[in-house]
Amino acid sequence: MTRALVVYESLFGDAAAIAHAIAAGLSEIVPADVVAASDAPAEIGPEIALLVAGGPNHAFGMPRPTTRGSAVEDHGADVPDLRAGLREWLRSVRAASPGLRAAAFDTRDTRHPTLTRMDHASRTEEKLLGRLGAEIVAPAEHFAVTGTRGPLAAGEEERARAWGRALGERLFSGAVRR
Ligand SMILES: Cc1cc2nc3c(=O)[nH]c(=O)nc-3n(C[C@H](O)[C@H](O)[C@H](O)COP(=O)(O)O)c2cc1C
């Protein structure tokens, strides 16, 4: 059966909450699973028609081992393996579905709007999704946190759920409605 998969990286729980909200919105239309990149499968099976991938902005881009280390040392994050995140998963995963469609999201600290404009995590996510052979089917969405450790700005989980539902409606338009 056609499914959607949401894969995320999250140091403090904010991108995880967004990923779960997106999956909840999608699952109003199509069965959807959500998983952390460190636990995500090594191969995306042919049943996955849509892959949504996202995580936080770190140093204006996707997290790397060094920025994860800073999150642990400077902000008390709990990261079992600094080398296992979304960037690494997207680089190593195999995609079995030739018609895989994809969309990206990121979380960003919007306290400094001038700097926020330099954030490009979702652009790199899209690039890596493209290298997997996926077709990007929606503009990346950005979700606001109010500090390094969160929390999310008010209303962001609701917005994520609505974004997931809208994506599901546009792509699957009743074909797999349960
Ligand atoms: C090492 C580090 C670097 C960061 N750099 C940025 C940045 O360049 N731009 C930004 O908007 N937020 C930055 N942040 C804030 C993160 O975006 C924020 O911690 C994240 O969105 C929270 O999501 P999470 O709870 O899923 O980890 C940084 C955070 C850390 C720990």
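Analyst: Happy to. This is a predicted model. Let's begin with Val145, which lies in strand β8.

User: Is Val145 buried or exposed?

Analyst: Val145 is buried, because its relative accessibility is 7% and the cut-off for buried is under 20%.

User: Which residues does Val145 touch?

Analyst: Leaving out residues up to four places away in sequence, Val145 touches Asp14, Thr107, Arg108, Asp109, Thr110, Gly150, Pro151, Leu152 and Ala153.

User: And how far apart are the C-alpha atoms of Val145 and Arg111?

Analyst: They are separated by 8.4 Å, with the two residues 34 apart along the chain.

User: Thanks. Switching to helices: how many residues does α6 have, and how far does it reach?

Analyst: Helix α6 covers residues 156-172, so to speak 17 residues, and reaches 24 Å from its first C-alpha to its last. That is close to the 24 Å expected at 1.5 Å a residue.

User: Which residues of α6 are buried?

Analyst: Glu156, Ala160, Trp163, Gly164, Leu167, Gly168, Leu171 and Phe172 are buried in α6. They sit on the same side of the helix, because they cover an arc of only 130° around its axis.

User: What about the other side of α6?

Analyst: There, Glu158 and Arg170 are exposed.

User: Nice link. What comes just after α6?

Analyst: Ser173, which takes a positive phi of about 25°.

User: Okay, new topic: β1. How many of its residues are buried?

Analyst: Five of the six residues in β1 (residues 3-8) are buried, and the strand is mostly covered.

User: Which strand do six bridges join β1 to?

Analyst: That is β4, and β1 and β4 run parallel. Within this pairing, Tyr8 stands opposite Gly54 in β4.

User: Last one: what do β1, α1 and β2 make together?

Analyst: They make a right-handed β-α-β unit.

Terms used
Residues are numbered from 1 along each chain as its sequence is written. This is a predicted model: local features need pLDDT of at least 70, side-chain atom pairs count only at pLDDT 80 or more; totals for chains, interfaces and linings use all residues. Side-chain values use heavy atoms; hydrogens and water are left out. Helices (H or I, at least four residues) and strands (E, at least two) are DSSP runs, numbered from the N terminus. The expected span of a helix is 1.5 Å times one less than its number of residues. Buried means under 20% relative accessible area, exposed over 50%, partly exposed in between (1.4 Å probe, protein chains only). The arc is that of the directions from the helix axis to the C-beta atoms. Two strands pair if DSSP finds at least two bridges between them. A crossover is right-handed if, with the strands pointing away from the viewer, the path from the first strand over the helix to the second runs clockwise. Contact means heavy atoms within 4.5 Å.
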